Amino acid sequence: MTRKALLAACLACLATPAAAESFSYTYLEAGLGLVMLEEDLVLFEREAYEDFGLAYARGGYQLSDNVAIEADAGIYGNEGDETDYTRTTASLSVLFPLQVADQLAIAPRVGQQTYELERCLDGVCITTDDTSAIYGADLRAWAIPRQLEITAGILDSTATESDTLVSLGAALWIDNHSLRLDVAEDEFATRVVVGYRFSW
């Protein structure tokens, strides 16, 4: 299934009648990961990078059964002998959670994202930044109720040099605590992240 077809399938779920709520969108989360590039990035024709370390923090607050807000901030980069590369991002989204079955929920989202990119050579840096709209949908399902959650997502933006990001993940739950593994991929890179979330 292509990325666009996945998004269409997710949005089609909106026509399904709602059931009792089983997922919370009020949470705090942080994690670490690795960004593995499809092609090496060469900075200033001096050094090539094939991956970047990543750190992120995010949180959400559920305003009502079908409206939640989410804020996200992240940084990834790497440093070589002569150059270094750092990209920071921040986003604010509005989600519209909808319970489509007892163990299945979908949350379309719209929002705004900003980024700042810094590339340095021998301590002299060039900085660029941009702001774009973002849109997509998240899918959450209980494989084992209250113990094992499976997630999927699709995210796109109006940024000129961007590609649709598709993600799959899993979370192990103990009460309000979960350990999470997510793998996301677009045309440029694969991202693998491990995080901890506290929900209430």
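The lining of the second largest pocket comprises 4 nonpolar, 4 polar and 3 charged residues (nonpolar: Ala, Val, Leu, Ile, Met, Phe, Trp, Tyr, Cys and Pro; charged: Asp, Glu, Lys and Arg; polar: the others, Gly among them). The model is predicted, with local features requiring pLDDT of at least 70 and side-chain atom pairs pLDDT 80 or more, whereas totals for chains, interfaces and linings use all residues. Residues are numbered from 1 along each chain as its sequence is written, and side-chain values use heavy atoms, with hydrogens and water left out.

The lining includes Arg140, Trp142 and Trp173. A pocket is an open set of points on a 1 Å grid over the protein atoms alone where a 1.4 Å probe fits, with protein on both sides within 12 Å along at least five of seven lines; lining residues have an atom within 4 Å of a point. The space in this pocket is about 200 Å³, taken as that filled by probe spheres set on the points, which are joined across faces, edges and corners.

Aromatic pairs (Phe, Tyr or six-membered Trp rings with centres within 6.5 Å; stacked under 30 degrees between planes, edge-to-face over 60, otherwise tilted) number 6. Trp142 and Trp173 form an edge-to-face pair, at 6.1 Å between centres and 65° between planes. Both Trp142 and Trp173 are buried (under 20% relative accessible area, 1.4 Å probe, protein chains only). Tyr49, Phe52, Tyr76 and Tyr85 form one aromatic cluster.

The charged end of Arg140 is placed over the ring of Tyr25, 4.9 Å from its centre (criterion: NZ of Lys or CZ of Arg within 6 Å of the ring centre and within 35 degrees of the ring normal). Arg87 lies over the face of Tyr115, 4.1 Å from the ring centre.

How values were computed. Buried < 20%, exposed > 50% of the residue type's maximum accessible area, 1.4 Å probe, protein only.
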